[in-house]
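The sequence and the model come first.

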Amino acid sequence: MTLFDEIVSLTKRRGFIFQNSDIYGGLANGWDWGPLGVLLKNNIKQLWWREFVTKREDVVGLDSSIILHPQVWEASGHTKEFSDPLIECRTCHKRFRADDIEGFIGDEGTWNEDVVKTFQCPSCGTKGNMTSPASFNLMFKTFLGASEESANEAFLRPETAQGIFIHFKNIVDTLAPKLPFGIAQIGKAFRNEITPGNFIFRTREFEQMEIEYFIRPEEWEMHFNHWEEELKRWIELVGIDMGKVHFVEVPETERAHYSKKTIDVEFDFPFGRKELYGLAYRGDFDLSNHEKGSKKSLGYYDEASKETFLPHVIEPSLGVERTILALLFSAYKKDVDEKGEERVYLDLPPAVAPYRVAVFPLLSNKPELIEKAKEVYVMLQNKNIPAIFDKGGNIGKRYRRQDEIGTPLCVTIDFESLEDSAVTVRERNTMKQERIAIQDLDSYIRTTTQ
Ligand code: GAP
């Protein structure tokens, strides 16, 4: 089994990620989050929110709708520009992105259709039988109300960012934030990708964590650098292996239509080096287009300079699923366990691990041990320490299970615990064991799993 297959298999076996509509044969390239996946995902989103909203005085949160006024997408350029060049094999009718073919995008960003003419279909092997490339808009279309007329056409948002721009004025009017300030949002985005795949790497439904950071235009470089550093800090904090991460400036011809400078944060996935996150300087592209589109003034009065202008924007944009995929490939480790047998463990930072601690009775058929273990488990839960109680199988199996889901600590209640009110605590990575008094357990867990 390849590393990729091993990780996909672990995520299913341990209840992190299931195939969408599994019992109906699965919806291709769709994935759902199981009980452990939900915990991991929520922890990542909470950590991001804590770091970039709660802990900062200059960033506020927002939760806008998935379906916005269709004019939003006209103004943002998505109706016209948010497309990929689509080609279809005339033999097997499989569809591909022409921009994945080497040399298709020319120096000026133009399409070089000649490379398509000689392209060999990756699916059926036929050479030179592709259709000419055509722009395929990635936005998912839907209809509002009962009639499917073009007047009722609407779109599922392809990025959370636009919800932020259209509420810029509301936030300025209600909270009067001073520049520089940011608006953050976490939520679903939808793209009708031509080639979804590589597990949760490219899907049609995914979540983004985005900040639009509004600045004085002349200060853009300073803020761009600041957010580049913040992205590095985040990557280490969340547990992604920095040795596999690359910050790459995107050439002008390949930048998104709105961007004046972009850094792609790439990660060495087993299927190649691919985009993990994006950091873009969007100028005043969005605010000025929404000003034109809505005919509402979005100018900001800056008390410092006594001028009214459209702030510029720095945008760190992070995908939740790609965070998790890069994290899984960073955290997946193998060594030998206490018995000298191979074990797999997820080296997850405690802040994102589904549980901080697992609590076991040494034996599963001794009511007095089960009762004491339950007592300890409830005590930890009541102290807001995410804990799981496990009495299935023998202790070795339980360690193996907890290692595979990345639980940093396992606590075992044995016969001695009934006498001395102490427990054995085993640490996931080192497998070292320590005896800790039950009354000190919560503070021990807190300090060792910060
Ligand atoms: N608002 C800017 C924006 O949306 P993007 O580079 O198109 O920029 C930002 O997307 C991030 O969203 C990506 O870096 C990636 O983490 C995530 N993302 C984009 N498309 C995705 C897809 N189809 N599946 C999973 N994640 C995706």
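The text below describes a predicted model, beginning with the sheet and then turning to charged side chains.

**Sheet**

Five strands form an open sheet with mixed pairing, in the order β20-β19-β21-β22-β23. Because β20 (387-389) and β23 (433-437) each have a single partner strand, they stand at the edges, and one side of each is left without a neighbour in the sheet. On average, neighbouring strands of this sheet are turned by 25 degrees against each other, direction ignored. Strands β21 (residues 409-413) and β22 (residues 422-427) run antiparallel and are joined by four bridges. V411 has V425 in β22 as its bridge partner. Helix α11 (residues 367-382) packs on the sheet and touches β19 (357-361), β20 and β21. The direction of α11 makes about 160 degrees with that of β19.

**Salt bridges**

The count of salt bridges comes to 43.

| Pair | Closest N to O distance |
|---|---|
| R56 and D58 | 2.8 Å |
| K117 and D114 | 3.4 Å |

A network of salt bridges links R50, E51, K55, R56, D58, E230 and R233.

D114 and K117 both lie in helix α5 (residues 114-117), three residues apart, about one turn of the helix. D114 counts as partly exposed at 48% relative accessibility, and K117 as exposed at 56%.

Key:
Residues are numbered from 1 along each chain as its sequence is written. This is a predicted model: local features need pLDDT of at least 70, side-chain atom pairs count only at pLDDT 80 or more; totals for chains, interfaces and linings use all residues. Side-chain values use heavy atoms; hydrogens and water are left out. Two strands pair if DSSP finds at least two bridges between them. Helices (H or I, at least four residues) and strands (E, at least two) are DSSP runs, numbered from the N terminus. Axes are lines fitted to C-alpha atoms, for helices over the stretch in contact, and angles run from 0 to 180 degrees between N-to-C directions. Contact means heavy atoms within 4.5 Å. A salt bridge is a side-chain nitrogen of Lys or Arg within 4 Å of a carboxyl oxygen of Asp or Glu. Buried means under 20% relative accessible area, exposed over 50%, partly exposed in between (1.4 Å probe, protein chains only).
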